[in-house]
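Work through the exercises below with the sequence and the 3D structure at hand. Try each task before reading its solution.

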Amino acid sequence: MKTNKSDLAKILRLNGYVMPSSDDEIKAFEEKFKKSYEKPENWDNPLEILKRGKTKKIDLKTTKSVPNQTDNLAMAAREGKSISKEVKNKMQKDRENGEKKQ
Amino acid sequence: MEEEVQDLLFYISEKETDKKMAEKSFSLLYKRFSEFVFNSVKKSIYLNSESEINEFANTVADNTFMEVYNKPLDFEFDPNKHKTQDDAFRVYLAAISKNEKNDLLRESLNYNSKQTKIIDDDDNFFEPSISEDVFEKLELKLSTNRKILEDALYSLSERDRYIILTYYDNFEEGKNTPSEVLDNIEQLYGTTRDNIRMIRSRVKKKLINEIESKSNLKAV
């Protein structure tokens, strides 16, 4: 099967889900969002940026706490939703792998 | 009449001899382009909270303009590639802010890059393609109905959506995904490179199926 990764990237860029990078993508982005643009923090005093210089690091929390697919499947099972045989096998395999690590 | 970008950048480059003029030019550039930089970064970063997203987008925007102030003569305008200097400068700013975004993520997540290069598999069985005519129809359909794409994206788990959007945010046609981008995704979302590849394939298939079923188009 032929692969074409760029198609989805282009669709996402043209629709503002990922950063636009070419003339046409930026034009499409501005047409869609310019009216609702928010102003950056230093809008009224851009020279503050020059006084402060570059910021190399900020305090970021990782999103490791977002449940992964297996967690979601386990949740579905707890809520009584039907789970296919294939998915059940995957859950079993994941559990076995988890036990091996302990 | 607005001053041309290259003139303003020239005044900035003369900051040692005329600081006031350099600062005035910097402020004019900032007022003209900072909303685009801030909003494009803000819309394309997926973090834990709105306040984190705002802080991140503000920092990337500030660092991007600081880079312009430090290296004003790095920008070149090619009239064969862009209609106006403003158009060319937006593309230039988008490239700088993408680098600043990845640098800030790497530094803030505080890890050592593995420095290993991943080769994207070009023949992934799970990755469906879209024919050119269907892509054109999809593009047209989605440009008038953003909700179809939105529904498809929100049919994914939050984690998969973040991973796929961060991956495609750094995708460049014909180039391998930079190692540091994959490192950032691994750290940020607690996943592995193999998982990123599998999620990407699974999500793309799901998205295309979802889009097809709602827009009555057949992709492959």
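**Exercise 1: Secondary structure of the two chains**

Task: State how many helices and strands make up the secondary structure of chain A, and do likewise for chain B.

Solution. The model is predicted. Start with chain A, which has five helices and zero strands. From its N terminus on, the order of elements is therefore α-α-α-α-α. Chain B has nine helices and zero strands, and its elements run α-α-α-α-α-α-α-α-α from the N terminus.

**Exercise 2: Burial and contacts**

Task: What percentage of the residues of chain A count as buried, and what percentage in chain B?

Solution. Chain A has 102 residues, of which 23% count as buried. Chain B has 220 residues, and 38% of them count as buried. For chain B, take next the contacts between residues at least 6 apart in sequence: 70% of these join residues at least 24 apart.

**Exercise 3: The largest nonpolar core**

Task: Which residues of the largest nonpolar core touch the most other members?

Solution. The core has 60 residues, and those touching the most other members are B:Val41, B:Tyr168 and B:Ile185. Helix H2 of chain B, residues 19-43, gives the most to this core, with nine residues. Domain 1 (1-142) and domain 2 (144-220) of chain B each supply at least three residues to the core. Now look at B:Ile185 by itself. Leaving out residues up to four places away in sequence, B:Ile185 touches B:Ile163, B:Thr166, B:Tyr167, B:Thr191 and B:Ile196.

**Exercise 4: The buried side of a helix**

Task: Find which residues are buried in helix H1 (residues 5-13) of chain B, and explain why they lie on the same side of H1(B).

Solution. The buried residues in H1 of chain B are B:Val5, B:Leu8, B:Leu9, B:Tyr11 and B:Ile12. They lie on the same side of H1(B) because they cover an arc of only 155° around the axis. An α-helix has 3.6 residues a turn, so residues three or four places apart point the same way. The buried residues of H1(B) pack against H2, helix H3 (50-70) and helix H4 (85-109) of chain B.

Notes:
Residues are numbered from 1 along each chain as its sequence is written. Chains are lettered from A and ligands numbered from 1 in the order in which they are written. This is a predicted model: local features need pLDDT of at least 70, side-chain atom pairs count only at pLDDT 80 or more; totals for chains, interfaces and linings use all residues. Helices (H or I, at least four residues) and strands (E, at least two) are DSSP runs, numbered from the N terminus. A residue is buried if 20 or more other C-beta atoms lie within 10 Å of its own, exposed if 12 or fewer, and partly exposed in between; C-beta atoms are placed from the backbone. Two residues are in contact if their C-beta atoms, placed from the backbone, lie within 7 Å. A nonpolar core is a set of buried Ala, Val, Leu, Ile, Met, Phe, Trp, Tyr and Cys residues joined through C-beta atoms within 7 Å. Domain bounds come from an automatic or database domain assignment. The arc is that of the directions from the helix axis to the C-beta atoms.
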